[in-house]
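Trainee: I would like to go through the terms used for this model and check each against its definition.
Mentor: Then put the structure up and ask.

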Amino acid sequence: MSLDVSPELLAEAERGDIREEDFLNTVRTSLPYAYDLIASLATELREGTAEFTDNQTPPPSERERGQLLRALASDAIRGGLERHFGVTLAFQNCHRVAAFRPEAEGGETYARFTSVRAQVLNQSPEFRDC
């Protein structure tokens with residue numbers, strides 16, 4: 001299961017739309033590694049001048065790797081995190097996630113990071129089953 005949804009949030013969703021703040025709180029508590037990693041990338045990006053910030057450190061365990069994969073594989077979770085932190089996320093393998101400024105999405109650096117070539121160059125045998 002990706003998220004630990006409270007009975008209250010589930011009931012709210014059954015009645016109609018839910019507040020994104022409530023959804024993101026569920027993401028934060030259910031997927032703390034992924035949430036904190038993206039928060040730190042967004043902070044680093046906001047405080048610096050680089051075109052993007054990225055994580056190149058593998059998660060400490062399969063549990064954290066699973067959190068990151070679940071967060072980035074879900075359009076709703078990924079989109080909520082992007083809106084909340086004011087970034088555009090890009091993902092290359094089981095842990096290399098990058099935060100870009102939203103206006104960079106159509107730019108050369110973003111296109112290079114998300115290219116087929118970059119994906120191939122970012123592979124290595126140890127990432128085969130990650």
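**Terms and values**

Mentor: Start with helix H4, whose buried residues are Glu64, Arg65, Gly66, Gln67, Leu68, Ala71 and Leu72. This is a predicted model, in which local features need pLDDT of at least 70 and side-chain atom pairs count only at pLDDT 80 or more, while totals for chains, interfaces and linings use all residues. Residues are numbered from 1 along each chain as its sequence is written, and side-chain values use heavy atoms, with hydrogens and water left out.

Trainee: What makes H4 a helix, and how does its span compare with the expected one?
Mentor: Helices are DSSP runs (H or I, at least four residues), strands are runs of E (at least two), and both are numbered from the N terminus. H4 covers residues 62–73, which is 12 residues. The expected span is 1.5 Å times one less than the number of residues; H4 reaches 16 Å from first to last C-alpha, close to the expected 16 Å.

Trainee: What covers the buried residues of H4?
Mentor: The cover includes helices H2 (20–30), H3 (32–47) and H5 (75–85), and strands S2 (88–91) and S3 (97–100).

Trainee: Why is alanine 39 called buried?
Mentor: Buried means under 20% relative accessible area, exposed over 50%, and partly exposed in between (1.4 Å probe, protein chains only). Alanine 39 has 19% relative accessibility, so alanine 39 counts as buried. Its place is in helix H3.

Trainee: Why does threonine 88 count as buried?
Mentor: Its relative accessibility is 7%, therefore threonine 88 counts as buried. Threonine 88 is in strand S2. Setting aside residues up to four places away in sequence, threonine 88 touches Glu82, Ala98, Ala99, Phe100, Arg101, Pro102, Glu105 and Tyr110, where contact means heavy atoms within 4.5 Å.

Trainee: What makes a set of residues a nonpolar core?
Mentor: The members are buried Ala, Val, Leu, Ile, Met, Phe, Trp, Tyr and Cys residues joined through side-chain atoms within 4.5 Å. The largest such core has 24 residues, of which Val27, Ile77, Leu81, Phe85 and Leu89 touch the most other members. H3 gives the most to this core, with nine residues. Another core, of six residues, lies apart from it, with Ala90, Ala98, Phe100 and Phe113 among them.

Trainee: Which residues does leucine 81 touch?
Mentor: Not counting residues up to four places away in sequence, leucine 81 touches Leu24, Val27, Tyr35, Ile38, Ala71 and Leu89.
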